[in-house]
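Visitor: I am new here. Please walk me through this structure, step by step.

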Amino acid sequence: MFAPVYKVKLHNQRLTTLLKHRQKLLQQGAFSLARFSVIDTQMLNHLYTLSELAGEAPTDYFSAQNLTQVSELTWQALCELAQQNSEHSEVYRLIAADLFVTAIDDFTAYFHSLRGSEQLAQCELLQHNLKHWQLTDLKALRTSVLEGKEKPQNVVKTLLFSQPLTTSELLAAVLHKDFEIAFAALVNSYCAGHDDVSDKLFKMFAKTADEQQKAQLLALAGLLNDTRWYEPCALFCKANPEHCSFVLSHFVYKQALPLVMDLMTIAVTQPSAYAAWLTLTDRPLAKAKKMSVVSDNNAVKPQSGINLDDAEHVRQAFAMQAGEQLLMGISFTKANSAQKLAKLAGSLVQRVIAPHFDLTSACGLFHVQQSASQWQLLLSEKVENVHAS
């Protein structure tokens, strides 16, 4: 009689472990698609088992329903169930991505119905299907939001300004005081391949004092081939080392590697800069001989540094390989990024490849992490289209 209970306990423990592994993996920004696929598949398998034994399980994820029943719900019912179980949001995002692959017909009309019933919060889950980013005829609503007459949730602002915009709309959005609106417009401009993205970024970067916002802007800047960003990036990382790894890992152009190397020589940024180095190069470096550093209390402590000679050799080796960009040790160009990075997943990979997709899908890929199966399908379709052309 104890066997079923023991089995449930093991499944629950394994699911909890997988959730932690998945969260840690996603924080890296770039990782093996195969590994990601294994984690997502195993999570779904454990969820199926636990939901079948909900009466015995310590955690009820789906309000006494099994996962088969959940997968047969409408999008509206899924969103309502997710809101009732908000503490399990990561589980519901995975389910929405992997089990609800059929999008809502005429999502624009559905969007308006949600707006009318003040339920646009459902877009937090709905956004995980890229087809739900395809919204039309919303110029009047965007104008109302720009003028401050309507103040929807941040996810809705992002969706609204991830659509094809007129020149005047784009300018008004980029200059808007609401960061979510302005950032969505900047990402829109990046995904559309506009030449003046960097100039727009500089203006916005100069007027914001928020550290988190500056980090997001610098991350976007790292995806652009503009050396003017190296000095502001270095200054920001020194002042805000907690954001250093996230920001630097977006500087995917090979010519930015000296920036990362310079920050590896500074004690306060060394661990984060080295983490970014590994994300970009996938090349662990030898340790330098111990050096003395002065701590906050003026006590002298030995610290192992990074062997910069080793780093320079790695940098030179990558410089000789074809391709001006680098991620996880893979050299690539804008043109062949989808093919070269086809075995990788993660937010960094999506952001690099995003401009190859149609505008609204590209914006969705920039903002929303895809599940393993979603991303694998999108990549395979993109690579097949390239070969066909």
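**Cavity, helix pair and overall form**

Guide: This is a predicted model. The residues lining the largest cavity divide into 5 nonpolar, 3 polar and 1 charged.

Visitor: Which residues line the largest cavity?

Guide: The lining includes the charged Asp60. Ser51, Thr59 and Gln65 are polar.

Visitor: What volume does the largest cavity have?

Guide: The structure holds 1 cavity of 30 Å³ or more. The volume of the largest cavity is about 40 Å³.

Visitor: How many helices and strands are there?

Guide: Both kinds of element occur in the protein. The count is 22 helices and 6 strands.

Visitor: Are helices H11 and H13 roughly parallel or roughly antiparallel?

Guide: H11 spans residues 179-192, and H13 spans residues 211-222. Their axes come within 11 Å and cross at roughly 5 degrees. Angles under 35 degrees count as roughly parallel. H11 is therefore, relative to H13, roughly parallel.

Visitor: Which residues make the contact between H11 and H13?

Guide: By class, this contact has 7 nonpolar, 2 polar and no charged residues. H11 gives Phe179, Phe183, Leu186, Val187 and Tyr190. H13 gives Gln213, Gln216, Leu217 and Leu220.

Visitor: What radius of gyration does the protein have?

Guide: The protein has 389 residues.

Visitor: What box do the C-alpha atoms fill?

Guide: The box is taken along the principal axes. Its dimensions are roughly 65 × 60 × 55 Å.

Methods. Residues are numbered from 1 along each chain as its sequence is written. This is a predicted model: local features need pLDDT of at least 70, side-chain atom pairs count only at pLDDT 80 or more; totals for chains, interfaces and linings use all residues. Side-chain values use heavy atoms; hydrogens and water are left out. On a 1 Å grid over the protein atoms alone, a cavity is a set of points where a 1.4 Å probe fits but cannot get out, and a pocket is an open set with protein on both sides within 12 Å along at least five of seven lines; lining residues have an atom within 4 Å of a point. Grid points are joined across faces, edges and corners, and a volume is the space filled by probe spheres set on the points. Axes are lines fitted to C-alpha atoms, for helices over the stretch in contact, and angles run from 0 to 180 degrees between N-to-C directions. Helices (H or I, at least four residues) and strands (E, at least two) are DSSP runs, numbered from the N terminus. Angles under 35 degrees count as roughly parallel, over 145 as roughly antiparallel, 65 to 115 as roughly perpendicular and the rest as oblique. Contact means heavy atoms within 4.5 Å. The radius of gyration is taken over C-alpha atoms; the globule rule is 2.2 Å times the number of residues to the power 0.38.
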